[in-house]
Amino acid sequence: MSAQKNIRIDERVLSDNDHIAGQLRLRFAEQGTLVVNLISSPGSGKTSLLEATVRTLGKDFRTGSVVGDIATERDADRLRALGIPASQILTGGACHLDARLVKAALGRGGFEWLDFLFIENVGNLICPTAYDLGEDFKVALLSVAEGDDKPLKYPGIFSRAAVTIITKTDLLPHVSFDLDRVRAEIRALNPTGTILAASARSGDGIRDWCALLRDRLASKVSIASEVV
Amino acid sequence: MHEMSIAAEIQRIGRATVERHGDGRLDSVRVAVGELTAIEPRLLVYAWEALTRGGPDDGSRLEVEWRPALQFCAVCGENKTRGTGSWLRLCPDCGMPLRVEGGSDLDVLEVSFTPREREGG
């Protein structure tokens with residue numbers, strides 16, 4: 001009978017994912033693409049926000065998107081209708097995207113030399129937060145219809161997202177949602193994060209969101225050119 | 001329920017480690033799971049059992065070491081550990097930034113296996 005061997009390794013569980021995310025990040029840096037990972041619960045308005053974003057930025061910038069869902073190409077169809085490359089990842093039950101899935105989706109082509117790549121994660125406030133997709137930053141969406149008690153109930157995403165967007169603000173007169181309370185709770189989790197409020201339907205706040213994206217792209221491209 | 005995906009990554013690392021050191025039967029994998037990873041140790045062990053059942057690693061154990069996040073407020077001088085929500089970055093009592101230590105671990109620490117008997121050996 002052989003003796004048991006104990007091998008100490010101290011390896012990160014997600015080392016494989018993080019390695020691929022690192023490759024993607026390098027590629028996006030070379031291409032000068034700003035990559036945003038959008039995370040929220042289902043129905044908080046990720047695709048609607050992207051439609052409004054593409055309509056605003058599409059005239060001056062090349063945009064593309066990768067969207068994750070359990071089933072159907074509905075989200076990708078909506079974005080393709082705007083004339084941008086959109087790749088639908090069907091996870092078949094998995095509750096989040098990982099870097100391997102994103103890399104494979106980009107391999108289908110049409111995503112070279114974009115200014116903005118929007119990765120719309122599977123609708124879920126918990127599981128996607130652990131996975132680095134090579135993005136520049138995460139964006140959390142919280143619609144006013146979901147309730148103002150959510151940041152502290154789902155602290156992981158709100159503490160990790162560089163930007164939180166309160167969406168569907170056109171519904172504020174119809175729902176009980178204390179915007180100041182939500183802002184205070186998000187700040188307590190994430191003191192350095194940016195908090196925006198927007199409505200894809202009315203267009204309120206879309207200009208501020210797009211200005212933030214343009215600023216982040218400009219600083220990414222200028223940093224890249226300094227390195228070169 | 002991303003514990004299943006996490007368990008699959010742990011199994012991949014466990015198997016690769018066994019193969020790097022020869023070959024054999026995986027007995028156990030010891031992992032560190034931090035409080036801020038949003039991974040539930042109990043569910044992770046269930047996922048491990050479901051994932052390995054009927055395969056070459058059937059019967060192997062996943063041992064989880066829980067790593068809490070420790071929060072300190074320099075102004076109150078208090079350790080806020082777990083009392084008020086481990087994700088808070090501002091002190092709920094005085095509003096000053098909290099110093100947070102640990103809790104983000106998600107590492108495979110040790111892989112234990114029994115080497116296969118060589119044929120005729």
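Begin by selecting helix 1 of chain B, where the buried residues are B:Glu3, B:Ser5, B:Ile6, B:Ala7, B:Ile10, B:Gln11, B:Ile13, B:Gly14, B:Thr17 and B:Val18. A residue is called buried if 20 or more other C-beta atoms lie within 10 Å of its own, exposed if 12 or fewer do, and partly exposed in between, with C-beta atoms placed from the backbone. Helices (H or I, at least four residues) and strands (E, at least two) are DSSP runs, numbered from the N terminus.

The model is predicted: local features need pLDDT of at least 70 and side-chain atom pairs count only at pLDDT 80 or more, whereas totals for chains, interfaces and linings use all residues. Residues are numbered from 1 along each chain as its sequence is written, and chains are lettered from A and ligands numbered from 1 in the order in which they are written.

**Chain B**

Helix 1 of chain B has 18 residues and spans 26 Å from first to last C-alpha, close to the 26 Å expected at 1.5 Å a residue; the expected span is 1.5 Å times one less than the number of residues. Just after this helix, select B:Gly22, which takes a positive phi of about 105°.

Now display the whole of chain B. Two helices and five strands are present, in the sequence pattern α-β-α-β-β-β-β. Of the 121 residues in chain B, 32% are buried.

**Between the chains**

Next, select the side of chain B that touches chain A. Here 30 residues of chain B are in contact with 29 residues of chain A, contact meaning that C-beta atoms, placed from the backbone, lie within 7 Å. Strand 5 of chain B gives the largest share of this side, 10 residues. By class, the side has 16 nonpolar, eight polar and six charged residues. Ala, Val, Leu, Ile, Met, Phe, Trp, Tyr, Cys and Pro count as nonpolar, Asp, Glu, Lys and Arg as charged, and the others, Gly among them, as polar.

Then select strand 1 (residues 5-12) of chain A with strand 5 of chain B: the two pair in the antiparallel sense over six bridges. Strands are said to pair if DSSP finds at least two bridges between them. Within strand 5 of chain B, B:Asp107 stands opposite A:Arg12.

**Chain A**

Move to the open sheet of chain A, in which seven strands lie in the order 4-3-5-2-6-7-8 with parallel pairing. Strand 4 (86-90) and strand 8 (194-197) of chain A are the edge strands, each pairing on one side only.

Select A:Asp136, in the loop between strand 5 (116-120) and strand 6 (137-143) of chain A. A:Asp136 is partly exposed, because 19 other C-beta atoms lie within 10 Å. Leaving aside neighbours within four places in sequence, A:Asp136 is in contact with A:Leu34, A:Val35, A:Val36, A:Arg216 and A:Lys220. From A:Asp136 to A:Leu34 the C-alpha to C-alpha distance is 6.4 Å, although the two are 102 residues apart in sequence.

Finish at the meeting of two helices in chain A. A:Asn17, A:Ile20, A:Ala21 and A:Leu24 in helix 1 of chain A meet A:Ala99, A:Arg100, A:Val102 and A:Lys103 in helix 4 of chain A. The residues of this contact divide into five nonpolar, one polar and two charged.
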